[in-house]
Amino acid sequence: MALLSTAVALSTLYSRFDGELDWSNYVVGLLATLGLLGVAALGVVTSRAGAATAGSGAGLPGGTGAPAAPGSAHGRPVGASPTGPVAVPASGSAGGGTAGGADDRRDRHDLVSWPGAFGALAAALMVGVGLDDSDATLYLAGLAAVLLAAGGYVLTRRAPFVVVVVLGLFVVYGQLVDDVLGTSDSGDDLGAVGPAVALLLFAVLVTAGGWLLPTRALSGVVVGALTVVGYATLTGVLAVTGFFERALAGFSLEDPGQPLPDVDRFDDDAWVVLVLALLLMLGWSACAALTRHVGFRVLVVAMAVTVTPLATIVLAVEHPTWWGVVLGALGGALLVLVVLRALGGPGGLARAGGRGGGPASQSLPPLPPAYADQARPAWGPAPGEPPSGGWGPPGTGPEPDGTRIRPSAPPPAPPAQ
């Protein structure tokens, strides 16, 4: 896969290196693209063949085996009866299989997802090289990546296709914004308000649309990363431009009496970018609280530490120390509140054992059904469960989806000493 992707990259670089289309390099790129997509298609065929021989639960489309019973996670009973073990066959086997079936299913998905995702990107690059500077180049290239990756996601529900879909939509949206706002033809007008608002709308739309899918956190994190890079780039351009304008403001080679240029013309743009960045950070904080995904927390930190220092350069603040003092004081106060809550406040560690002065009798809330099995120990019975309900050896789990499989018989007793 890496070698085929490298061939595509070389073809993209040299097919139009002299302006004209070099068919020898272009054909190499086309063949490499077809190779990546062909491997993904082969993975689909072999997966369906494996589903036909091993049972309905081993196929690509989400493992559409027996329907999950109420109160179960991924078709496996959660909160099983403490009176004895529950016999559950491993995924990918027709009956009473082992964890090897889950490994086979994961390998088949990988055979489709990674070559398919890179193949979708390669197809977009080949479309772009073929059309060159046409007005519809970015539209068609982006849509090609979106359609191919969306088809792969429908088959596998795998993360690489989500990343490619977001990237393709970003290319199409960026070209649409450029056609509407005319940002590439703005000349000396380096206003950042329009692009900043467009980036915020794109992040909100993609996050909201992806929220309906099982990979909602991934789509939000990917589009958030693109947004952070976009905001940092906008603010950086304003900072560099404003710095040179201030440095050259006192020089005029034509007319010494000419009025000095307005060196503060980017201040309003910088404040707007700061406010929009703050709104995005608040939204990502809410997403982090809802999904517990660490990517949203990283986005908050990345936006704060890139945009804020660059904005101070644009604004040419006279006392940046006060910015550091205020932000440091606010951050320190919030961190102290979090620590106090974790040590003894309501909902903190006091519920787990009474430490920190909280009520010792307050119990932890039950886990959601999808995570109930993961709260059990990796070996032996759960607290309060008879020894007959213990877990099997590590070879029986966990599966790639995070669940564990309980064997149909308890583990053998250790030999007598």
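Modeller: A nonpolar patch joins nonpolar side chains within 5 Å, from residues with over 30% relative accessible area and no salt bridge. This is a predicted model.

Biologist: What makes the nonpolar surface patch here?

Modeller: Val 193, Val 197, Leu 201, Leu 205 and Val 272 make it, with an area of about 370 Å². Helix α6, residues 193–210, gives the largest share, 4 residues.

Biologist: Why is Val 193 called partly exposed?

Modeller: Its relative accessible area is 31%. Val 193 lies in helix α6.

Biologist: What makes up the lining of the second largest pocket?

Modeller: The residues divide into 17 nonpolar, 2 polar and no charged. The pocket has a volume of about 730 Å³. Of its 19 lining residues, Leu 278, Met 281, Ala 304, Leu 327 and Leu 334 lie nearest the centre. Two or more residues come from each of α8 (267–291), α9 (294–315) and α10 (320–343). The largest share, 7 residues, is from α10.

Biologist: How do you know whether Ala 316 is buried, partly exposed or exposed?

Modeller: Its relative accessibility is 35%. Buried needs under 20% and exposed over 50%, so Ala 316 is partly exposed. Ala 316 is in the loop between α9 and α10. Its phi is also positive, near 50 degrees.

Methods. Residues numbered from 1 in each chain as written. Predicted model: local features only at pLDDT ≥ 70, side-chain atom pairs only at ≥ 80, totals over all residues. Heavy atoms only, no water. Patch = residues over 30% accessible without salt bridge, like charges linked within 9 Å, V, L, I, M, F, W, Y side chains within 5 Å. Areas by Shrake-Rupley, 256 points an atom, 1.4 Å probe, with all protein chains shown as cover. Salt bridge = Lys/Arg side-chain N within 4 Å of Asp/Glu carboxyl O. Buried < 20%, exposed > 50% of the residue type's maximum accessible area, 1.4 Å probe, protein only. 1 Å grid on protein atoms, 1.4 Å probe; cavity = no way out; pocket = protein on both sides within 12 Å on 5 of 7 lines; lining within 4 Å. Points joined across faces, edges and corners; volume = space filled by probe spheres on them. Nonpolar A, V, L, I, M, F, W, Y, C, P; charged D, E, K, R; others polar.
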